[in-house]
Amino acid sequence: MSESSVEAVNAAVTTAAASVAEASNGWRRATGIAGVAIGVLATGAAAGVAIERMTVGRGMRMKARLALDSTGPYGSLRGTPGKAYAEDGTELYYEVDDPDPDPDAEPARRRRLFGRKPPAPVTVVFSHGYCLGQDSWHFQRAALRGVVRAVYWDQRSHGRSGRGAAQVERGEPVTIDQLGQDLKAVIDAAAPEGPIVLVGHSMGGMTVMALADRYPELIRERVVGVALVGTSPGRLGEVNFGLPVAGVNAVRRVLPGVLKALGQRAELVEKGRRATADLFAGIIKRYSFAAWDVDPAVARFAERMIESTPIDVVAEYYPAFNEHDKTEALAHFAGLPVLVLAGVKDLITPSEHSEAIAGLLPDAELVLVPDAGHLVILEHPEVVTDRLADLLARTGAVPATTTVGGCDPASS
């Protein structure tokens, strides 16, 4: 790590600490530990941030962010809104994109995706990842809009869904099992009958596995296809996030307690996050994408989604991942058309985890994207959409497909 990188990390941690200096001594100790953890995680990101700071002024960077926020088309697609309610009363927000009722409408686009015949009445349900939202499927939504019936939803405490009632009212931890039950509630409300294709990215894939574990009869009777993108069946506690063994072990020791402490001082922490926006932007970029030259508008779009997740939500979700193990639930997908897709350079849910899933489902299609990170759905949307279109053809939801040549981000 270069001297400039060290300075970048130290400056960021110092700024964050100063923003919470008014808190108690115990809080200061937690912040100090957090600074160490952030410094370890930021090692790879800090070099790029330091270079950027030497070449681009802070004011210019802020103006660039504002410009991207105001003009970026990503996350702008909307459908028919609806609400479902989880077992604990949490309000879950979803949107439905219905297929065009006129089979002759947009004929060229239909032929490009799926041929001439109108699709079968299948509903494709998309579940997003940790610290993201339904808008993370923007490119896939743009390509499939009007072609198939699709449901996009925000997981509890994310996006437009309500804060988890069990977490806020009773202090209960979030579990992946609970997310599977939430998905069942969304399906009951938005797609109460007919065949279903389940699509999940990262935590969303774990949610799909939890649904299968809890409701195997639903999988058996209604699910006709599954796509698991950049996800894991378990053993996430062994992931090293691209860090040296000593570094990742240090982070694992302190991070659960640190996140709990930070979650209890959410307002102060949010001030610190704003003060260290440059560093966090670098961390987000490093752990979301494989390349530093990703489209700045796409990178900023991902950054906005992650930034919008409150620190207390980040904290209450984190323990669920170490406890997640749905390896046995994968057996419920045997015999179904299954797509398993991952970025080879994914540091969050390494592609080896996708290979493990495919190993347990030998009939699944395994696609490993060489130059892709964790947010492969944004970094290489054309690959993801092409393989999803093929999956829909294999499920019988659509006629024989052709390769999708591209996705119009502003398509409506």
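Close-up 1. G282 lies in helix α13 (residues 277-288), helices (H or I, at least four residues) and strands (E, at least two) being DSSP runs numbered from the N terminus. The view is taken from a predicted model in which local features need pLDDT of at least 70 and side-chain atom pairs count only at pLDDT 80 or more, while totals for chains, interfaces and linings use all residues. Residues are numbered from 1 along each chain as its sequence is written, and side-chain values use heavy atoms, with hydrogens and water left out. G282 is buried, with a relative accessible area of 3%; buried denotes under 20% relative accessible area, exposed over 50% and partly exposed in between (1.4 Å probe, protein chains only). The C-alpha atoms of G282 and W292 are 9.4 Å apart in space, at a separation of 10 residues in sequence.

Close-up 2. The 12 residues of α14 reach 16 Å from first to last C-alpha, close to the 16 Å expected at 1.5 Å a residue (the expected span is 1.5 Å times one less than the number of residues). Nine of these 12 residues are buried, so α14 is largely enclosed by the rest of the structure. Among the buried residues are R300, F301 and E303. At the start of the helix, a side-chain oxygen of D295 comes to within 2.9 Å of the backbone nitrogen of A297.

**Close-up 3. The largest nonpolar core.** Among the 44 residues of this core, F126 and L378 touch the most other members; a nonpolar core is a set of buried Ala, Val, Leu, Ile, Met, Phe, Trp, Tyr and Cys residues joined through side-chain atoms within 4.5 Å. Helix α14 (residues 296-307) gives the most to this core, with seven residues. Neighbours within four places in sequence aside, the contacts of F126 (heavy atoms within 4.5 Å) include W137, Y152, W153 and L388.

**Close-up 4. D154 in the loop between β4 and α7.** D154 is located between β4 (149-153) and α7 (165-170). D154 is buried without a salt bridge, and R160, the nearest side chain of opposite charge, is 4.6 Å away. A salt bridge requires a side-chain nitrogen of Lys or Arg within 4 Å of a carboxyl oxygen of Asp or Glu; Lys and Arg count as positive and Asp and Glu as negative, with His and the chain ends not counted. The D154 side chain reaches the backbone nitrogen of Q134 at 2.8 Å and that of R160 at 2.9 Å.

How values were computed
A polar contact is a pair of N or O atoms within 3.5 Å; within protein, one must be able to donate a hydrogen and the other to accept it, and residues adjacent in sequence count only if both atoms are side-chain atoms.
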